[in-house]
Every structure is written in structure tokens, then in C-alpha cells.
Amino acid sequence: MSLLVACRHCGATNRVQEGKTGARCGSCRNALPTAGTAEAVTDAGWAQFVGTGGMPVLIDFWAPWCGPCRMVGPAVEEVARKYFGQLRVGKLNTDENPQTSAAFQIRSIPTLAIFKDGNVVDRVSGALPPPQLEAWVRQHL
């Protein structure tokens, strides 16, 4: 089975065989994201990560000192693995990326947000149990 994977560098959509490692973008030749992992997102790379690729994006706004953030982390990674090719998943450390956190008025963490075409379509604060997180994500696919 092949999956559509958005390049994090140029935004081009690439068709990749499921399970293939070491795939490169057909346009810019940079490495494509590995299946099943949430990608680190920064203030500098925000617009490119969220605004390109043509698929919904789940962002986990978190911080390393936050206990509930650490609890929801494995569920976010599972969503990244399960919906690879249908959903881009990123994690933004709010301590290291204050501009984006302020722009989206992140007041509590973890906050999870779904973006489509660069715009927030839904968000939830607090650690959702894995079944609720997956159900919430499926609503937006």
C-alpha cells in the first residue's frame, strides 16, 4: 500500500510505499518524515509545517516539565503511527517556542489543536485518554 507524505521542507506531496524507510522528496530531495512519529515543530518552521501538505495537522502544544503532557505523549505518537499519510502530527514545545504559543493563546498544556489549510478547526486542552483522542482526531479526517 502506498501513502501520501508531505515533505516538511518544500510541502510537496510524495507517494511512498508503506513501511519504506529512507524515502526522499521527489522535488527537493530532502528526507521525508518517518512513518509513525510526531515531528518537532518550532516557531521558525511553523508556517511551513502547518500550512503545507494539503492534509489535516494535529499539533500537541506541550512542555517537558508537564506531567499530563508526558502522559498524553504516547497517545499522540500512536495517532501519528496509525494515521500516517492521512494526518501530519507535530509537537511544539511551548517553553522553547513562545511566539507560536502566544499567537494561539495557549494558556494551559497540553493543548491539542487540529489545523486545516493553516487554520485552527478544533482544539482541546488537557490530557485526553487514548480512545477519546483517537475519536476526536477521526472527526477531522
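**Salt bridges and their setting**

At 15% relative accessibility, lysine 91 counts as buried, where buried means under 20% relative accessible area, exposed over 50% and partly exposed in between (1.4 Å probe, protein chains only). The model is predicted, so that local features need pLDDT of at least 70 and side-chain atom pairs count only at pLDDT 80 or more, while totals for chains, interfaces and linings use all residues. Residues are numbered from 1 along each chain as its sequence is written, and side-chain values use heavy atoms, with hydrogens and water left out.

Overview
- The structure holds five salt bridges, each defined as a side-chain nitrogen of Lys or Arg within 4 Å of a carboxyl oxygen of Asp or Glu.

The strand pair
- Lysine 91 forms a salt bridge with aspartate 60, at 2.7 Å from N to O.
- This pair links distant parts of the chain, with aspartate 60 in strand 4 (residues 57-62) and lysine 91 in strand 5 (residues 88-93), 31 residues apart; strands (E, at least two residues) and helices (H or I, at least four) are DSSP runs numbered from the N terminus.
- Aspartate 60 is buried, at 0% relative accessibility.

The helix network
- Lys82, Glu134 and Arg138 are linked in a network of salt bridges.
- In the salt bridge between lysine 82 and glutamate 134, the closest N and O atoms are 2.6 Å apart.
- Glutamate 134 also meets arginine 138 in a salt bridge (3.2 Å, N to O), and because these two residues are four apart in helix 4, about one helical turn separates them.
- Glutamate 134 is buried at 17% relative accessibility, whereas lysine 82 is partly exposed at 41% and arginine 138 is partly exposed at 45%.
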